[in-house]
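Work through the exercises below with the sequence and the 3D structure at hand. Try each task before reading its solution.

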Amino acid sequence: MGAVAGDTLVVGDFRNNRVSMVHPQSGFIRSFRANESSGFGFTRGVLTDGTVLRGGGIVFGGDEELASGFQRDDVTYELTDPEGALLMNLGSFPGPEMQVDVGEGFVSAMSVPFSRNTVAEAAVDRVILGTNDDFTLREYSPTGDLIRIIRNLDAVRPVTEAMLDAVFEERIADADNDDEVRRLRSARAEQRTPETLPAFQSV
């Protein structure tokens, strides 16, 4: 996920909610179980001082009964020190736009076409968070202080029917069987889709 203190690597294991430090010569250094507040605990990046950016994980349904349909939950981002201690909770941001299908004994989730989300990046001594519903980037210091906000209000473009048709025709062409084709055609008719394209995909 990133490097710190020269060539020491920081590796995130989101399923076990654990962050590990590994050196290319001496091997494993240490690991810690991360704070539970950021959902599935994705490790997003590491700053040169060892500060770790984590968050953006989704726990479907939370304490409420999960239902089929469009879902967009908030996700949390946080900064921890190299030992795993929480330094700063950066707050909650809109998560990915998903179409959820709940049946007897199963739950499936699929990103809707042109799904919008919060994009996170850690670089040198800055953390960048941006929700791509519009072009708004928030720049934070390693201590979690907001340094500046960057906006470009002209970056948003509408989603057209032709764009949607192209996405679903590509998915249908890759379908494995007729049942999947029928499901995709039904989704095209019923699925809720964002009105605008993501303003950006990465920072």
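Helices (H or I, at least four residues) and strands (E, at least two) are DSSP runs, numbered from the N terminus. This is a predicted model, in which local features need pLDDT of at least 70 and side-chain atom pairs count only at pLDDT 80 or more, while totals for chains, interfaces and linings use all residues. Residues are numbered from 1 along each chain as its sequence is written, and side-chain values use heavy atoms, with hydrogens and water left out.

**Exercise 1. The chain as a whole**

Task: State how many helices and strands there are in the chain, and what percentage of its residues count as buried.

Solution. 
Step 1. The chain contains 2 helices and 15 strands.
Step 2. Apply the burial classes: buried is under 20% relative accessible area, exposed is over 50%, and partly exposed is in between (1.4 Å probe, protein chains only). Of the 203 residues, 39% count as buried.
Step 3. Take contact to mean heavy atoms within 4.5 Å. Among contacts with a separation of 6 or more, 46% are between residues 24 or more positions apart.

**Exercise 2. Salt bridges**

Task: Find which elements hold Arg 185 and Glu 169, and where Asp 133 and Arg 72 lie in the chain.

Solution. 
Step 1. A search of the whole structure gives 13 salt bridges.
Step 2. One of them joins the side chains of Asp 133 and Arg 72, at 2.8 Å from N to O. Asp 133 is in the loop between strand 13 (126-131) and strand 14 (135-140), and Arg 72 is in the loop between strand 7 (69-71) and strand 8 (74-80), so the pair links distant parts of the chain, 61 residues apart.
Step 3. Check accessibility for this pair. Asp 133 is partly exposed because its relative accessibility is 24%, and Arg 72 is partly exposed with a relative accessible area of 24%.
Step 4. Another salt bridge is formed by the side chains of Arg 185 and Glu 169, at 3.9 Å from N to O. Arg 185 belongs to helix 2 (residues 178-190) and Glu 169 to helix 1 (residues 161-173), so this pair ties together parts 16 residues apart in sequence. Arg 185 is partly exposed at 46% relative accessibility, and Glu 169 is partly exposed with a relative accessible area of 46%.

**Exercise 3. Nonpolar cores**

Task: Say how many residues the largest nonpolar core has and which strand supplies its largest share.

Solution. 
Step 1. A nonpolar core is a set of buried Ala, Val, Leu, Ile, Met, Phe, Trp, Tyr and Cys residues joined through side-chain atoms within 4.5 Å. In soluble globular proteins, nonpolar side chains tend to be buried together.
Step 2. The largest core has 13 residues, and those with the most contacts inside it are Leu 53, Tyr 77, Leu 90, Val 127, Leu 129 and Tyr 140.
Step 3. At least two residues of this core come from each of strand 8, strand 9 (86-94), strand 12 (118-123) and strand 13. Strand 8 gives the largest share, 3 residues.
Step 4. Take Tyr 77 as an example. Leaving out residues up to four places away in sequence, Tyr 77 touches residues including Leu 53, Leu 90, Phe 93, Ala 120 and Leu 129.
Step 5. A second, separate core has 6 residues, among them Val 10, Phe 32, Val 46 and Val 52.

**Exercise 4. An exposed strand residue**

Task: Decide whether Asp 74 is buried or exposed, and list what Asp 74 contacts.

Solution. 
Step 1. Asp 74 is in strand 8.
Step 2. Asp 74 counts as exposed because its relative accessibility is 56%.
Step 3. Aside from neighbours within four places in sequence, Asp 74 contacts Ser 92, Phe 93, Pro 94 and Gly 95. The C-alpha atoms of Asp 74 and Pro 94 are 4.4 Å apart, although these residues are 20 residues apart along the chain.

Technical notes
Salt bridge = Lys/Arg side-chain N within 4 Å of Asp/Glu carboxyl O.
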